[in-house]
Each structure stands twice: as structure tokens, then as C-alpha cells.
Amino acid sequence: MPIIDVSPGVSIAYETFGDPDDSAVLLVMGFGAQMIAWHEDFCRALADRGRYVIRYDNRDCGLSTKFDDHPVDMGKFIAAVSSGDIPAALAMVPYRLQDMADDALGLLTALGLERAHVVGASMGGMIAQTMAIAHPERVLTLTSMMSSTGESDYGQPSPEAQAVLFGSKPADREGYVAAAENELVWASKSYGDAAVLRELAADSYDRAYYPAGIGRQLGAMILSGSRADALRELRVPTLVIHGLDDTLIDPSGGRRIAELVPGARLLLVPDMGHDRPRALWPVLLDAVEAHTG
């Protein structure tokens, strides 16, 4: 697995699929998830449609740089945010979504790519939005999938999904893999598959089990604030994809993005939750291919 320096002190692990002469599509993964959550078969299928596909590990995840010098006590962080003590919360978290967006742009630069189509899922959609806002000249198109604007009135999780998201996971491999089934709470109702969730959890655990990064990534999301005003000014061709079964980021998050970005196209997918079930890959691949064409 190649790892490349993208800025002083930050190295990013990545993988590519397809012909480098084809249009580049950068896949940005979400909160706490490694690049392998973009299934290899999905990446190859997109590459077979004439795209040079790049997936990578965000900082503090997978095989990319870890920020061990900045431990985050999740209890204290959530207490500070809940009480409105934002200065205390800010002091706990060493980076923001903008830094994560800079990592992605640095990866493109290191790979010799001036511009790329950017597809982000969940927190990855927030990073992708941030890339397009800060450096629209480098983003050919934006696809924001199962994401939101950072506004508290949109895209909120159901109580059940929030409990699973913030709940602790067993540290042992067997318990960690078994606990992945809890994520069925936000999976698509028709296609959610506990076996698929367990398989990804096992692969992720074996590849790079690293729960310490989750608190810092969560802090980056929470403390980066709303992108609403900036999205109103965005002039990058934008596709918004959201599953109607999504209980982790309510579909109002996707609708709001499409409402704010001038000319954005909204694709609401029936039977899709906060996941990308294989049965819906043709829908997603067709949409991404058309948008990046």
C-alpha cells in the first residue's frame, strides 16, 4: 500500500484503480472509516467506466498519519460542547475539516493531479464540500453523498443511530466484529446485511485498528461549523446523493445541500440507508459516471 507525504508531518495511504490518463475521481471516506469502506469491487467498476479512481485513508485512520500527541477525552469534549464551552472544546482538537481537505488536495498534488472529480461520503462529503469551497479551481465536480451542511437544523441522526455512533465498541477482535451488526440501525432496510458489516469490521480491525483517532475526527466535524453561506456561493457542478432510509444523517441534510448550491442536482435513492449496498451500485455508478463525464 503506497504512502505519500502530503504536507510536513502528514502522510497519506492511498490506492489507485484504472488508467492514469482517464479523468481522476477522488473517493473521500467518512468518519472513522478506512479507505477499504470504498469496496474494491466498487472502485474497479468505476475504473472500468473510464475513470482513474483514487481511494485513501484520512488522517487519524487506517495507515495514514496518527495524531497520538493529542489525545481527546470524549466525555470531556462532549461535555464542553454541550455546555457551550467552545474555547475548551477547540483546545482539545488539533485539526479541522479544512486540514483534512488540505490532506486530500495535497494527495492530488503529490500524485501530479491539478484537478479531480471529488466524491465524498458522510464526513467525506463534508471534506469534499470543504475542498470545493476553498479551492474550486481544483475540483472538476463535487459529489456529496449521505452528507450535510454542518447546520444543526438539518441531517441530524435518529436517537437510535446516535446511540450506536457514540457507543463504545469492544477492543477485542471478536467483540468488535460482532458489534458491527449494530450498524444495521442506519443501513438500508431492504439490503442491510449483517454479514457484510462483520466482514468490513474484520478487515478494518486486521488492517489498522485505531479507535483513538475517532475522537479527533468527531471534533473536527463538530467544530468546523456550518458551510451554508459558503455553499450558497459555490459554483462547482454538484451532485447530491442521499438515501431515503438514512437514519444517521437524515435526508434533510442532502436536501439542504442541494437547496443551497446553485444548480445542484439531487438524487434521493429509495431503499438506501447510510451505506452503499451492492444492489444499489448500478444506481450510484451510473450517477457518478454521468456527473463526472
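**Salt bridges**

I counted 15 salt bridges, taking a salt bridge as a side-chain nitrogen of Lys or Arg within 4 Å of a carboxyl oxygen of Asp or Glu. This is a predicted model, where local features need pLDDT of at least 70, side-chain atom pairs count only at pLDDT 80 or more, and totals for chains, interfaces and linings use all residues. Residues are numbered from 1 along each chain as its sequence is written, and side-chain values use heavy atoms, with hydrogens and water left out.

I looked up R256 next: its side chain meets that of E151 in a salt bridge at 2.8 Å, N to O. R256 is in helix α11 (residues 252–260) and E151 in the loop between β6 (139–145) and α6 (159–166), so this pair ties together parts 105 residues apart in sequence. Helices (H or I, at least four residues) and strands (E, at least two) are DSSP runs, numbered from the N terminus. Both R256 and E151 are buried; buried means under 20% relative accessible area, exposed over 50%, partly exposed in between (1.4 Å probe, protein chains only).

I then checked R207, which forms a salt bridge with D57 (2.9 Å, N to O). R207 sits in helix α8 (residues 194–208) and D57 in the loop between β4 and α2, 150 residues apart. D57 is buried, at 0% relative accessible area.

My last pair was R44 and E40, also a salt bridge (2.9 Å, N to O). They are four residues apart in helix α1 (residues 40–48), so about one helical turn separates them. R44 is partly exposed at 41%, and E40 is partly exposed at 34%.
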